[in-house]
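Hello,

Here is the structure I promised to pass on to you. Have a look at it first, and then read on for my notes.

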Amino acid sequence: MTVVGPFGLSVRDQALEADVQAGLAAVEEGLLDATKSEVPFITEAAQHLVRAGGKRFRPLLVMLAAQFGDPYAPGVVPSAVVVELTHLATLYHDDVMDEADVRRGVASANSRWGNSVAVLTGDFLFARASHILADLGPEAVRIQAEAFERLVTGQILETAGPRDGRDPVEHYLDVLSGKTGSLVAVACRFGAMMSGADETVVDVLTQYGERLGVAFQLADDVLDIASDSHESGKTPGTDLREGIATLPVLRLRERAQRHGLPEDLALCELLDSDLTDDARHADALARLRVHPALEQARRDAVRYAEDARSALAPLPDCGAKAALTDMCDAVVHRAG
């Protein structure tokens, strides 16, 4: 049994493992090629997060989904590069909005070069992704455009917050479907589609990717509270500091509203205070780490991962299906 990809995912088929490793190596070359510019400074900024590493979660999904058709088809690797470039571009923009100092264990682009350079570098990556996408055909362009619209809509809805009368947890899960689920779904869809898999297989893998993407983000929400920067590669409690209510916080507020326990109300009051203050921020993190709301958020992540696993049922049994099934466990295992 070998280990490949993010979270130490085990792949138990040697031929599959070789295909996936070769595909991911080609994606890495493609990422470096796509982030080169005639201007050395642009190359440095654009390759900043590429060279910092990362899980390559989405390219791995492209490679595994492609196993249901011809994994060597010419569009498979470029489509994985497109998805990862799009993801990387959103990270540059997210770090500006979050005023984050660390990303993937290195200084964020905005902290190193300033917000303007970080935003423009993200735009540069979007442009390069579009250039590659144009060679994959109009259907691929349409799929990516729709996913990108959903991604941006999710981000806007997160910023705007739920409308009056809307359940905040339901609103947040819809946000995640757009922000994260949409691009993970495209990774699975592109892998299957570019490999020439049957349309029914493409549909199954797209549904799987959407659910897995939400589980992935929910696990990240838990990690943002529960882990230290060494484990996660970014500053813990970034969303807390910015006043962004992720699922652990929403579950806390739901519990406080339902039961009115003094300790829950006190923690909600702390979270509503100025958490740019380091002492308050540390206190809030420490309290949330031992609160039942964090465990509830973990269970929510597991539930979405189980939904993703169930979506795979119609697919034929094979090494790729086993690896995708294992991915459901691997995604939520990060959150404990």
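A word on exposure before anything else: a residue is called buried under 20% relative accessible area, exposed over 50% and partly exposed in between, using a 1.4 Å probe and protein chains only. Please keep in mind that this is a predicted model, in which local features need pLDDT of at least 70, side-chain atom pairs count only at pLDDT 80 or more, and totals for chains, interfaces and linings use all residues. Residues are numbered from 1 along each chain as its sequence is written, and side-chain values use heavy atoms, with hydrogens and water left out.

Let me start with the charged pairs. A salt bridge here is a side-chain nitrogen of Lys or Arg within 4 Å of a carboxyl oxygen of Asp or Glu. Searching the whole structure turns up 21 salt bridges. One of them links the side chains of Asp 317 and Lys 321, at 3.3 Å from N to O. Asp 317 is exposed, because its relative accessible area is 73%, whereas Lys 321 has 11% and so counts as buried. There is also a network: Arg 251, Glu 254, Asp 300 and Arg 303 are joined by salt bridges that share partners.

The side chains of Lys 179 and Glu 158 meet at 3.3 Å, N to O. Lys 179 sits in helix α9 (residues 168-194) and Glu 158 in helix α8 (residues 138-160), so this pair ties together parts that are 21 residues apart in sequence. Lys 179 is partly exposed at 21%, and Glu 158 is buried at 18%.

Arg 253 is partly exposed with 31%, and Asp 272 is exposed with 58%.

Next, the aromatic rings. Rings of Phe, Tyr and Trp (its six-membered ring) pair if their centres lie within 6.5 Å; planes under 30 degrees apart count as stacked, over 60 as edge-to-face and the rest as tilted. The structure has three aromatic pairs. One of these is Phe 41 with Trp 113, edge-to-face, with 5.9 Å centre to centre and 90° between the planes. Phe 41 is in helix α2 (residues 40-46) and Trp 113 in helix α6 (residues 109-113), so the pair ties together parts that are 72 residues apart in sequence. Both partners are partly exposed, Phe 41 at 38% and Trp 113 at 21%.

Phe 57 and Phe 216 also pair, this time stacked, at 4.3 Å centre to centre with 10° between the planes. Phe 57 comes from helix α4 (residues 57-65) and Phe 216 from helix α10, so parts that are 159 residues apart in sequence are tied together. Phe 57 is buried at 1%, and Phe 216 is buried at 5%.

Glu 84, in helix α5 (residues 76-98), counts as buried because its relative accessibility is 1%. Its side chain makes a polar contact of 3.3 Å with that of Arg 56; such a contact is a pair of N or O atoms within 3.5 Å, where, within protein, one must be able to donate a hydrogen and the other to accept it, and residues adjacent in sequence count only if both atoms are side-chain atoms. Leaving aside residues up to four places away in sequence, Glu 84 touches Leu 31, Arg 56, Arg 58, Pro 59 and Arg 104, where contact means heavy atoms within 4.5 Å.

Asp 224 lies in helix α10 (residues 199-226) and is buried at 8%. A polar atom of its side chain lies 3.5 Å from the backbone nitrogen of Thr 238.

Finally, which cysteine sulfur is closest to that of Cys 328? The closest belongs to Cys 188, at 9.8 Å, too far for a bond. A disulfide needs a pair of cysteine sulfur atoms within 2.5 Å, and the structure holds zero disulfides. Cys 328 is buried at 1%, and Cys 268 is buried at 9%.

Best wishes

Definitions and conventions: Helix = DSSP H or I, 4+ residues; strand = E, 2+ residues; numbered from the N terminus.
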